[in-house]
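Please look over the notes below alongside the model.

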Amino acid sequence: MSNTDLEIIVDDPTAPEPDSPAVCSTRTVEIVVCLLLLALAVTLGIDNYATGISWDDTGPQPGYFPFYLSVILGGASLYGLVTTLLARAVPSDTFVTRAQLRRVMLVFLPTAAFCLAMQYLGLYVASFLLIAGFMRLVGKIAWWKSLLTAFVFTAIMFATFDIAFDVIMPKGPLEAAFGR
């Protein structure tokens with residue numbers, strides 16, 4: 001056996017269990033996504049139809065191209081929906097297990113909370129909380145390292161965007177207290 005045939009296997013102690021029960025099947029997700037895309041296509045089609053989808057003296061009206069793109073999206077969604085519904089004989093694979101969904105939610109929920117917190121606390125404070133929280137709770141890194149890293153990153157971000165480039169970022173009560 002040559003050195004190129006060697007394979008290094010590293011076990012991940014935090015990996016999801018292989019015997020975790022299924023939450024939903026691939027078929028179910030495909031149907032839901034096709035229905036959501038179809039709803040989006042219909043909404044965009046109606047909105048662009050109201051804007052105008054014909055030609056006038058100066059060329060196409062504002063809704064012309066977006067309307068036909070929504071028609072294409074709707075057609076593709078219908079095609080995907082019909083082919084998924086007709087493929088009943090094929091057994092559907094598991095899309096996500098409970099353990100895998102738990103890991104996804106471990107990232108998604110704090111990120112959603114960050115987006116909500118940013119509206120009230122501002123970008124910099126919300127970023128500080130997100131970084132420190134992720135490092136401590138997900139990464140299991142010491143509090144002092146998490147807080148220091150979050151502070152340094154947020155300070156660099158503030159100096160770069162707010163001071164150096166004068167970019168308007170969402171601000172909260174802390175920035176208002178410092179007159180920014």
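**Notes on the predicted model**

1. Val 104 counts as partly exposed because its relative accessibility is 46%; here buried means under 20% relative accessible area, exposed over 50%, and partly exposed in between, with a 1.4 Å probe and protein chains only. Areas come from the Shrake-Rupley method with a 1.4 Å probe, and for residues only the protein chains shown count as cover. This is a predicted model, in which local features need pLDDT of at least 70 and side-chain atom pairs count only at pLDDT 80 or more, while totals for chains, interfaces and linings use all residues. Residues are numbered from 1 along each chain as its sequence is written, and side-chain values use heavy atoms, with hydrogens and water left out.

2. Val 104 lies in helix α3. Helices (H or I, at least four residues) and strands (E, at least two) are DSSP runs numbered from the N terminus. Together with Val 23, Leu 101, Met 105, Phe 108 and Leu 109, Val 104 makes a nonpolar surface patch of about 500 Å². Helix α3 (residues 98-121) contributes five residues, the largest share of that patch. Patches are built from residues with over 30% relative accessible area and no salt bridge; nonpolar side chains (Val, Leu, Ile, Met, Phe, Trp, Tyr) are joined within 5 Å, and like charges within 9 Å.

3. Helix α1 covers residues 26-51; these 26 residues reach 37 Å from first to last C-alpha, close to the 38 Å expected at 1.5 Å a residue. The expected span is 1.5 Å times one less than the number of residues. Buried in α1 are Ile 31, Cys 34, Leu 38, Ala 41, Gly 45 and Asn 48.

4. The length of α2 agrees with expectation, because its 23 residues should span 33 Å at 1.5 Å a residue and its end C-alpha atoms are 33 Å apart. Its buried residues are Tyr 64, Phe 67, Ser 70, Gly 74, Ser 77, Gly 80, Leu 81 and Thr 84. Their cover includes α1, β2 (55-56) and β3. Strand β3 (residues 59-60) contains Gly 59, which is buried because its relative accessible area is 8%. Gly 59 and Thr 43 are 16 residues apart along the chain, with 24 Å between their C-alpha atoms.

5. Which residues form the largest nonpolar core? There are seven: Phe 114, Met 118, Leu 123, Tyr 124, Ala 126, Met 157 and Met 169. A nonpolar core is a set of buried Ala, Val, Leu, Ile, Met, Phe, Trp, Tyr and Cys residues joined through side-chain atoms within 4.5 Å. Apart from neighbours within four places in sequence, Met 157 contacts Leu 123, Tyr 124, Ser 127 and Asp 162.

6. α4 has 16 residues and reaches 21 Å between its end C-alpha atoms, close to the expected 22 Å. Its buried residues, including Val 125, Ile 131 and Met 135, pack against α3, α5 (143-164) and α6 (173-177).

7. The structure holds one salt bridge, defined as a side-chain nitrogen of Lys or Arg within 4 Å of a carboxyl oxygen of Asp or Glu. Lys 171 pairs with Asp 162, with the closest N and O atoms 2.7 Å apart. Asp 162 counts as buried because its relative accessibility is 5%, whereas Lys 171 is partly exposed at 29%.

8. Two backbone angles deserve a check. Most residues other than glycine have a negative phi. Lys 140, in the loop between α4 and α5, has a positive phi near 60° and is exposed at 64% relative accessibility. Asp 166, in the loop between α5 and α6, has a positive phi near 55° and is exposed, with a relative accessible area of 62%.

Technical notes
Contact = heavy atoms within 4.5 Å.
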